Amino acid sequence: PKLVVVLVIDQFRGDYLDRYRDDFKTADGFNLFLKRGAYFTDCYYDYANTMTAPGHSTIGTGAYSNGHGISLNQWWDLKRSTKQPVTSVEDERYAVVGDSSSKEMGASPRNEMASTLGDEVVLATQGKSKLFGISLKDRAAILTSGHASKGAFWLDHASGKFVTSTFWETQLPAWAKAFNNSGRTEQALREAGAKPGNFYEDVGKSPASVSYLLDFAKSLINGEQMGRHDVTDVLTISISSTDILGHVVGPDAPEQRAMIDAVDVDLNSFFTWLDKNIPGGLGNVW
């Protein structure tokens with residue numbers, strides 16, 4: 001395939017696919033997998049901590065926590081801090097890139113002790129393949145994609161701008177700067193009925209954040225010419241919106257059902273876009 005997309009939907013229970021199946025009206029949303037893909041109805045992970053960081057690490061690497069070393073979202077490491085736990089991806093050696101007002105610490109995949117699918121593709125092609133990871137969350141973007149990525153991008157929580165860290169680049173790529181300056185952030189705020197200042201929480205719990213993330217994915221694919229090379233490129237996308245909302249309303253709330261239905265529509269739009277913009281269409285996308 002020209003392009004591999006590893007898509008993760010955070011806090012998305014497996015039973016949703018059957019429970020809300022009648023809601024899925026699009027051809028290339030969830031039905032792309034249910035009707036034209038492999039659908040494993042009995043698929044379990046053999047570990048307890050179904051949190052964002054260990055889950056994305058397991059999906060990315062194929063290893064369990066004792067193999068990739070990410071057992072929780074954060075833990076105590078007294079060699080690094082005696083005042084507070086460290087998160088799975090924070091890295092004091094690097095600074096945030098992309099929002100000069102950001103107060104967040106830089107990040108890297110330093111704690112992930114196993115290679116990801118994307119890492120192995122890059123190694124197998126002698127570095128020719130392009131590997132990127134994106135999410136609203138830093139850990140979801142970083143741990144699914146891995147060490148050999150050309151970049152991982154996530155949200156500055158306050159502004160909603162996409163950022164990275166100096167582990168990858170000293171400044172954002174031109175296409176990412178253009179997206180941040182395009183007015184798309186302000187559009188997402190309007191769609192969510194939110195005020196500036198707390199984008200991650202206020203917009204993140206609304207369906208507006210799903211299309212926002214996938215529009216950034218389109219900008220990345222175009223900007224980096226992914227899927228247009230002689231080798232396979234890999235993009236990991238983690239939709240955090242279901243998780244941010246789930247923590248507010250719970251897994252069985254009607255708001256979560258509405259979110260899942262919105263994800264179906266947005267995935268249909270995204271995969272339709274891929275079909276038109278990747279050489280060979282979806283036949284060259286895995």
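The second largest pocket holds about 330 Å³ of space. This is a predicted model, where local features need pLDDT of at least 70, side-chain atom pairs count only at pLDDT 80 or more, and totals for chains, interfaces and linings use all residues. Residues are numbered from 1 along each chain as its sequence is written, and side-chain values use heavy atoms, without hydrogens and water.

**Pocket**
- The second largest pocket has 19 lining residues; Thr 87, Glu 104, Asp 138, Arg 139 and His 157 lie nearest its centre.
- Helices H6 (138–145), H9 (199–202) and H11 (241–249) each give two or more residues to this lining.
- H11 gives the most, with three residues.
- A pocket is an open set of points on a 1 Å grid over the protein atoms alone, where a 1.4 Å probe fits, with protein on both sides within 12 Å along at least five of seven lines; lining residues have an atom within 4 Å of a point.

**Sheet**
- Six strands form an open, mixed sheet, ordered S1-S8-S5-S6-S7-S4.
- Strands S1 (3–9) and S4 (96–97) are the edges, each pairing on one side only.
- Strands pair if DSSP finds at least two bridges between them.
- Strands (E, at least two residues) and helices (H or I, at least four) are DSSP runs, numbered from the N terminus.
- S5 (131–135) and S8 (233–239) run parallel, joined by five bridges.
- Gly 133 has Thr 236 in S8 as its bridge partner.

**Loop residue**
- Gly 193 sits in the loop between H8 (184–192) and H9.
- Gly 193 counts as exposed because its relative accessibility is 67%, and exposed means over 50% (1.4 Å probe, protein chains only).

Methods
Points joined across faces, edges and corners; volume = space filled by probe spheres on them. Buried < 20%, exposed > 50% of the residue type's maximum accessible area, 1.4 Å probe, protein only.
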